[in-house]
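Below is a short walk through one structure, meant for a reader who has not seen it before. It begins with one residue pairing and widens from there.

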Amino acid sequence: MTMTTALTTRPTKAQLAGVDLLRIVRINEEIKSVVGVSFKINIMALNAIFLAKRAGTAARGFGVLSNELRVFSQDLRDGMSALTRQIHGCVTEVSVVLQDIRHTALLRQAVELSPAACGRLVLAAREAENERHAERLVRLRKQLRAALDDAFRMVELGGVLAKSAKIEAAYGQSFAVPLSQVSGEFDGVVEEIRASLEALRRSAFFTGN
Amino acid sequence: MKKTKTIFEDGKHKWIAIVRDPDKPNYLIDTNEYLVTHGNQGMLVDPGGAEIFPAVFSALSAEFDPSALSAIFASHQDPDICSSLALWLEFNPQMRCYVSWLWSSFIPHFGGSTETFVAMPDEGLDILLDGLHLQAIPAHYLHSSGNLHLYDKVAKVLFSGDVGAALLPPGEDGLFVDNFDKHIRHAEGFHRRWMGSNEAKRRWCERASQMEIDMLCPQHGAIYQGADVQRFINWFDGLQVGLCGS
């Protein structure tokens, strides 16, 4: 009986909006951790540049890649900042939709209870406004998803750079071990970010599942 | 759905009490809302919380066009007083909300914009409702630190907010007080605990004694009328307030 009810009961709009809010909050938390990691890459890249300079000509290729990784980390942070702004926009809009749902439910109840369905026009205006908010949320959701895809592509490029740095490290002669260690750390961190973004792209906030 | 009862009527000048919803959940305190109409305008007095908006709206709309509500009077800042504000503003975004200056930046958290609020000074305010002069009367610290009541000199009605309020048990929840001694027992604990200042109480009683009042209309409980009005003022004057039960 309970299972049948669970299978047939559809969640209300308010419940769905509440779940959406929870999902976007989780995405925001994940983005915050990615921003923290991207800051770490910047420091790592700086250290790698100094190490490459000490290694001299043997680590020239590694030095070029370290510079590229530093640029990548800055681009990644900029991308994450833009994502954070978009997420804040989504959180605001989901909150507005939640408030709309509560207000509209009270207005609808009032109109249904009142004689001659007084207030129908106000309710219709409220519902039209709700539609606008819902459409805006759909747009923000698409923009956020596109921004996540862009960030993901950027991180894939970062992964290529990190892997190339690993190869270059092998030519570092007496500095090969420390260079390998640094490039291995790069690769690990970039992979960590890639996995986070991959998970975010699969978030039910975008798929609705 | 709440019931409406016209408690004063002289042509288009009316006081309508909106009271007693049998479907109201027990966890919400029961409230009385009042609609004052004059000419083509209406003022809703302590419109109530968001949760009871459908019940108040439906009852009110049976008597009056909600889009013709020009003002809301909020005696103080509590959620059972005016957390429904945003919903009322849907019907008339030009509606004004009269509120103590003390709360004029707090109540906007319930809704409204800069244009919505009329901040009432501590000494009170004359309010015009389509030619009818209403008076906001100071009742600070009874119970809120910024608290005003509404007096209609023509109808001789004083809306007294939480002063006169009683928490009535089922079966004793008539609209008017019919047995003062029995009724006041349901008001005593409320007034001792909620009213914060004996000095403020004294001043209010002195002021109220000098006013012509046929009906004293609280936001909770039953309406005092006739001799029960002065009886209540005398009782309140003698009560020690600002006391915790334990």
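Which residue in β10(B) is the bridge partner of L134(B)? In this predicted model, the partner is D152(B). The strands involved are β9(B) and β10(B), the latter covering residues 148–152 of chain B, and five bridges pair them in the antiparallel sense.

L134(B) also has a partner in another strand: I127(B) is bridged to L134(B) of β9(B). This pairing belongs to the contact between β8 (residues 125–129) and β9 (residues 132–138) of chain B, which are antiparallel and joined by five bridges. Together β8(B) and β9(B) make a hairpin, with two residues between the strands. In that turn, D130(B) has a positive phi of about 45 degrees.

T84(A) lies in helix α3 of chain A, which spans residues 60–113. Is T84(A) buried, partly exposed or exposed? T84(A) counts as partly exposed because 15 C-beta neighbours lie inside 10 Å, while a buried residue would need 20 or more. From T84(A) to L197(A) the separation is 113 residues in sequence, and their C-alpha atoms are 13 Å apart in space.

Note on methods: Residues numbered from 1 in each chain as written. Chains lettered and ligands numbered in written order. Predicted model: local features only at pLDDT ≥ 70, side-chain atom pairs only at ≥ 80, totals over all residues. Pairing = 2+ DSSP bridges. Helix = DSSP H or I, 4+ residues; strand = E, 2+ residues; numbered from the N terminus. Buried ≥ 20, exposed ≤ 12 C-beta atoms within 10 Å, placed from the backbone.
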